[in-house]
Each structure stands twice: as C-alpha cells, then as structure tokens.
Amino acid sequence: MGVSTSSGEKGIRADGIRVVTVDFPPVNALPVDGWHALADAVRTAGRDPGTRCVVLAAEGRGFNAGVDIKELQAGGPDALVGVNRGCFEAFSAVYECEVPVVAAVQGFCLGGGIGLVGNADVIVASEDAAFGLPELDRGALGAATHLARLVPQHLMRALYFTSGTVTAAELLAHGSVWAVVPREELRDAALELARRIAAKDGELLRLAKAAINGIDPVDVRRSYRFEQGFTFEASVSGVADRVRSRFGKGDS
C-alpha cells in the first residue's frame, strides 16, 4: 500500500521508463501524506537523467477517488490546509515533471484524480473509465482548472455544477484521451506509448516538455490556487461542513 516506483517491465529496466503506481485501498482516496508521497515519487523519477517518460498508474478498482474525506472531516482547518498543499504539490509535480507523463486510467477518476490526469501529458484509459468532479457534493471546490483541459468550457461547467461524469469514449471524441482499451490491456497500452516517447533523445525531450509548458495559455498552478481559496472560504463559512455532513448518506 502507498506509492511505489518501478521500471517499465517486471524484472527488466525498460530504457527510460519509470512507472509510479498509487495503491491506497479500497478506492485510492489519498490522505495528505499520500499526495506528498506521490509528488515526491514523480519528481524523483523525472529528475533521474536516465528517465525519458513517466507512467502514472494505480492499482485497484479505480485510478483515483480524490482526497480522504474522513481525514478531512476529522482534522479541522489544519487538515484542509494539508489537503490543499498536498494536492497542489502532486498536481504540480505531474505538470512540472521534466519528462512527459502518461496517465494510465482505469475505473473511476474523480476529484483529485482529475487534477492528476488534467496535468499529465497524455492519457490512456480503460473502457470502463469515468472522469468527474463531485466536489460540490463533498463541500469542496477545485480542479475545474484541470477538467477544462479535458473537455470544452461549457461541458466542463455542466459537469462541475452537476457533479456528473464523462466516459473515456467521450474524452476520446474530444481528443483529450490518446486511446481507450480493455482494462486488461491498459498497462501494456500505456507502456507501449511510453516506449514510443522514450525512444526520442532524452535531452531533447526535456527541452520539448519545458517548451510546451511555457506556451500553455493558462497557468495551471495559479489557476488552481485561486480555486483553492474558495474551498477555504467554504470551510470557514461553515458551508463545507454542512455539505460534508450529508456525504455518504444519500442526501442531495
């Protein structure tokens, strides 16, 4: 359980590929320490001069269910600050990784999961993958910055306000997913794409990643920080607690 890093193939150092895997049963809802561990793992993999591509993957039923709501409910204001900082660090680590990041997404990708894949360079998804931001149902705000990188503006707003989800096939139609494959083929498909990327010159790949980030129309770090301010406002005003008190009880 936790965050681990491995080579692209079991027992073999696949040239230039590092796989960072998240495993927090039962649903990969990460605690504060988990977000920081993920950030550290991605940054370490990207700094390795032998790395040319990072694959971000997860074990279990789904890729990511966001933050650990129980930890947030039990911890008070300090927990919220910790969650905000942890998510910011993890999302930034993926975006700022010195080499391309391929996200391999299965099952549910919710909340903080959108922050991760929205900042990844390429997404490969299983046929059962679903993407969404249930933040309004959980007394939080955030990651609209990253959802807007996956779908057009008005669809992003509809998904955000309804806490709805979009399928991998729909994202493929929007051009934000590279490929949709059966779940049992997901890891192989992600590694195959990573191999194609890692076949390029390593130094040039790093320059390309920096160049592409430099021409982004939106500063994702500043934009996400702006959103987090409203999450904090919802918390101190009591709105977040009111909503979270209904979490998991079937109330709307």
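How many bridges join strand 4 to strand 6? There are 4, and strand 4 (residues 101–105) and strand 6 (residues 122–126) run parallel. This is a predicted model: local features need pLDDT of at least 70, side-chain atom pairs count only at pLDDT 80 or more, and totals for chains, interfaces and linings use all residues. Residues are numbered from 1 along each chain as its sequence is written, and side-chain values use heavy atoms, leaving out hydrogens and water.

- An open sheet is built from 6 strands in the order 1-2-3-4-6-9, with mixed pairing.
- Strand 1 (2–7) and strand 9 (179–181) are the edge strands, and each pairs on one side only.
- Strands are DSSP runs of E, at least two residues long, and helices are runs of H or I, at least four, numbered from the N terminus.
- Two strands pair if DSSP finds at least two bridges between them.
- Ala104 stands opposite Val124 in strand 6.

**Two helices**
- Helix 1 (residues 32–47) and helix 2 (residues 69–96) have axes that come within 7 Å and cross at roughly 15 degrees.
- Axes are lines fitted to C-alpha atoms, for helices over the stretch in contact, and angles run from 0 to 180 degrees between N-to-C directions.
- Helix 1 is therefore roughly parallel to helix 2 (angles under 35 degrees count as roughly parallel).

**Asn119**
- Asn119 is found in helix 3 (residues 112–119).
- Asn119 counts as buried because its relative accessibility is 3% (buried means under 20% relative accessible area, with a 1.4 Å probe and protein chains only).
- The Asn119 side chain reaches the backbone oxygen of Phe91 at 2.9 Å.

Methods. Parallel < 35°, antiparallel > 145°, perpendicular 65-115°, else oblique. Buried < 20%, exposed > 50% of the residue type's maximum accessible area, 1.4 Å probe, protein only. Polar contact = N/O pair within 3.5 Å; in protein donor to acceptor, adjacent residues only side chain to side chain.
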